[in-house]
Amino acid sequence: MNMESNMEIDSKAEVNTAAAIMVGSRTDNKADIWVEKYRPSNTDEIIAHEEIIQVLNRLIEGDKLPHLLFHGPPGTGKTTTILACAKKMYGQHYQSMTLELNASDDRGIDVVRDQIKEFAGTMKLFSTGIKLIILDEADAMTSDAQAALRRVIEQYTKNTRFCMICNYVNKITPALQSRCTRFRFAPLKPEQIIGRLNDIIVAEHVNATECGRKALLSLAGGDMRRVLNLLQTTQMAYPEVNEETVYLTAGAAMPNVIKHLLSVLLNSSFNESYDILLKTITDYGYALCDIITEISILIVDITLPNAVLAYIVDKLSTIEHRLSHGVNEKLQIGALGTYTFTR
Ligand SMILES: Nc1ncnc2c1ncn2[C@@H]1O[C@H](COP(=O)(O)OP(=O)(O)OP(=O)(O)O)[C@@H](O)[C@H]1O
Ligand SMILES: [Mg+2]
């Protein structure tokens, strides 16, 4: 989609859809990427995490914000939430009162010593109140830098609050964890995503079918960023966002193909299973590990004796493990065929 048509759509959406108001009227032409265009700028717009937002709002209103540690899987709103909180706390002084460092900045021990200390240690002439230092992707910080932070956090608690954000909380040293209030951002549930997804579909005039929306939700696995990226890429590549085009864009295996493969594995001979598996993988260009993942989801819904199910899942996990070590995929297709399944 070129810039002009995008601008046209933006202005249409602004004028006539309630949905555009729901997701905020966005006129920013730079924001071609929907993930950024529809990044909530205030806490009311953030979906799910109601309890976290409520607690944070109360802490902000009571001027009692502690040091924070947000953790959880990608695309669940951690960065969005702290940026919205910062805007709420500082309004137009937001830029001068916040220092945001992420993994793309050098955050070795020198930065902690110099940049963070300098920002935390200086008083602003006209603004009172505490400053905010956001350390995004903090799990990528070196352990030396984390150790240096311990003392810095204590030293500047009087006028500074830290917010650390990470995907893997166990990569943050226990000493830092104990200095922060932890909030876990769980993957978003399909029923939480669907409302906002529908609003964005209306605002952007996307031609999306019901199955297409379901496919987006199931492929995203609770990651709102993935939902929006997949929606935008699919609508740019195809005239309609339906189940097939979404799966094609994502390069994921279609559920009906997987169902067929599973039934072949359960009912056919080794030779037949091997041939069909190989043909499907070559024709569609799927990766075997994706097929294994999908099969493992489907297989638990089939009524099988527990021992058989346990055996199959164990074997699937062995193949997945081997694949993760970069083994020959053809051999592993054979291995999958040999487990046709335990008959
Ligand atoms: N809870 C949410 N409500 C509304 N939009 C969301 C939410 N979570 C994510 N999004 C959308 O997904 C995009 C990415 O969110 P964000 O950057 O906050 O993810 P994150 O949790 O920081 O992920 P990462 O761990 O990868 O940094 C946002 O721009 C927004 O469009
Ligand atoms: Mg983030």
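1. At roughly what angle do the axes of helix 7 and helix 8 cross? The model is a predicted one, in which local features need pLDDT of at least 70 and side-chain atom pairs count only at pLDDT 80 or more, while totals for chains, interfaces and linings use all residues. Residues are numbered from 1 along each chain as its sequence is written, and chains are lettered from A and ligands numbered from 1 in the order in which they are written.

2. The axes of helix 7 (residues 109-121) and helix 8 (residues 143-155) cross at roughly 30° and come within 8 Å; the two helices are therefore roughly parallel (angles under 35 degrees). Contributing to the contact (C-beta atoms, placed from the backbone, within 7 Å) are Ile 109, Val 112, Arg 113, Ile 116, Lys 117 and Ala 120 of helix 7, together with Asp 144, Ala 145, Ala 148, Leu 149 and Val 152 of helix 8.

3. In helix 18 (residues 329-338), Ile 333, Leu 336 and Gly 337 are the buried residues (20 or more other C-beta atoms within 10 Å; exposed means 12 or fewer, and partly exposed in between). They cover an arc of only 100° around the axis, and so lie on the same side of helix 18, whereas Leu 331 and Thr 338 are exposed on the other side. The buried residues pack against helix 15 (270-284), helix 16 (288-299) and helix 17 (306-324).

4. Lys 171, in the loop between strand 4 (160-166) and helix 9 (174-178), counts as partly exposed because it has 14 C-beta neighbours inside 10 Å. Leaving aside neighbours within four places in sequence, Lys 171 is in contact with Asp 139 and Cys 166.

Technical notes
Axes are lines fitted to C-alpha atoms, for helices over the stretch in contact, and angles run from 0 to 180 degrees between N-to-C directions. Helices (H or I, at least four residues) and strands (E, at least two) are DSSP runs, numbered from the N terminus. Angles under 35 degrees count as roughly parallel, over 145 as roughly antiparallel, 65 to 115 as roughly perpendicular and the rest as oblique. Two residues are in contact if their C-beta atoms, placed from the backbone, lie within 7 Å. The arc is that of the directions from the helix axis to the C-beta atoms.
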